[in-house]
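Let's explore a protein model together, one question at a time. Have the picture ready and try each question before reading on.

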Amino acid sequence: MPVKIRLQRHGKKGKPFYWVVAADSRAKRDGKFLEKIGTYNPVSNPAQIDLNVDAAVKWLKNGAQPTDTARRILSYKGALLKYHLLGGVAKGALTLEQVEAKFNAWLEEKSGKITSKEEKLAKDKAEAKAKSLAAEKEVSEKRKNAAVAEAQVEENAETPENNETEA
């Protein structure tokens, strides 16, 4: 039975949400699956991915072929790296302790990159909000000054000045 690791769509129209599943390649896209490996929410920024790395590695060892998008998700979460490192254990080049150490070091580095991106996005959002508020204040001040100037013009027009020169 040929097995694929692929995405199964859920969610509303225009708001996709995916399950990462191991399924028979002959099954429908949203049909029967063998195991749910994780979830993927592309709507949020950065995209939220929850993946059971050990289950993904187990299916990769059993010969499951990931689709293109699923391969990117597996790579992003480190499942393909762990699968590669476990291949080294099978050949005798590494031990399980070395694999865990390398994988955990990679996870630390990756989490640092993700948190820096989240901080940058939050900072950019705060700056955009501050700029918007400053522009709004400026427009409000202009509107207030224009109203004051208009009131002065009307006041000057109501009080006629009798500075006529007599000849």
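Q: Is Lys120 buried or exposed in this predicted model?
A: A residue counts as exposed when its relative accessible area is over 50%. Lys120 has a relative accessible area of 52%, so Lys120 is exposed.

Q: Which residue does the side chain of Lys120 meet in a salt bridge?
A: Side chains of opposite charge can pair when their charged atoms come close. The distance from N to O is 3.2 Å, and the partner is Asp124.

Q: How far apart are the closest N and O atoms of Arg26 and Asp24?
A: These two residues form a salt bridge, one of eight found in a search of the whole structure. Arg26 counts as exposed at 63% relative accessibility, whereas Asp24 counts as buried at 16%. Their closest N and O atoms are apart by 3.1 Å.

Q: How many residues apart are Lys58 and Glu35?
A: Lys58 and Glu35 form a salt bridge, with 3.2 Å between the closest N and O atoms. Lys58 is partly exposed at 42%, and Glu35 is partly exposed at 21%. Lys58 sits in helix H1 and Glu35 in strand E3, so the pair links distant parts of the chain, with a separation of 23 residues.

Q: Which strands stand at the edges of the sheet?
A: Five strands form an open sheet with mixed pairing, in the order E4-E3-E2-E1-E5. Each edge strand has a single partner strand, so one side of each is left without a neighbour in the sheet. The edge strands are E4 (48–51) and E5 (65–66).

Q: In which sense do strand E1 and strand E2 pair?
A: Strands of a sheet pair through backbone hydrogen bonds, either parallel or antiparallel. Strand E1 covers residues 3–12 and strand E2 covers residues 15–24, with 10 bridges between them. Lys4, for example, stands opposite Ala23 in E2. The sense of the E1 and E2 pairing is antiparallel.

Q: At about what angle does helix H1 run to E3?
A: Helix H1 (residues 53–61) lies across E1, E2, E3, E4 and E5. Helix H2 (residues 68–77) also packs on the sheet, and its direction makes about 80° with that of E4. For H1 and E3, the angle is about 125°.

Q: Which element gives the most to the largest nonpolar core?
A: This core has 26 residues; among those touching the most other members are Ile5, Ile37 and Trp59. E1, E2, E3, E4, H1, H2, helix H3 (79–91) and H4 each supply at least two of its residues. The top contributor, with six residues, is H1.

Q: Is the aromatic pair of Trp19 and Phe33 stacked or edge-to-face?
A: A pair of aromatic rings is described by the distance of the centres and the angle of the planes. Trp19 lies in strand E2 and Phe33 in the loop between E2 and E3, so their pair ties together parts 14 residues apart in sequence. Planes over 60 degrees apart count as edge-to-face. With 5.9 Å centre to centre and 80° between the planes, Trp19 and Phe33 are edge-to-face.

Conventions:
Residues numbered from 1 in each chain as written. Predicted model: local features only at pLDDT ≥ 70, side-chain atom pairs only at ≥ 80, totals over all residues. Heavy atoms only, no water. Pairing = 2+ DSSP bridges. Helix = DSSP H or I, 4+ residues; strand = E, 2+ residues; numbered from the N terminus. Contact = heavy atoms within 4.5 Å. Axes fitted to C-alpha atoms, helices over the stretch in contact; angles between N-to-C directions. Salt bridge = Lys/Arg side-chain N within 4 Å of Asp/Glu carboxyl O. Buried < 20%, exposed > 50% of the residue type's maximum accessible area, 1.4 Å probe, protein only. Core = buried A, V, L, I, M, F, W, Y, C linked by side-chain atoms within 4.5 Å. Phe/Tyr/Trp six-rings, centres within 6.5 Å; stacked < 30°, edge-to-face > 60°.
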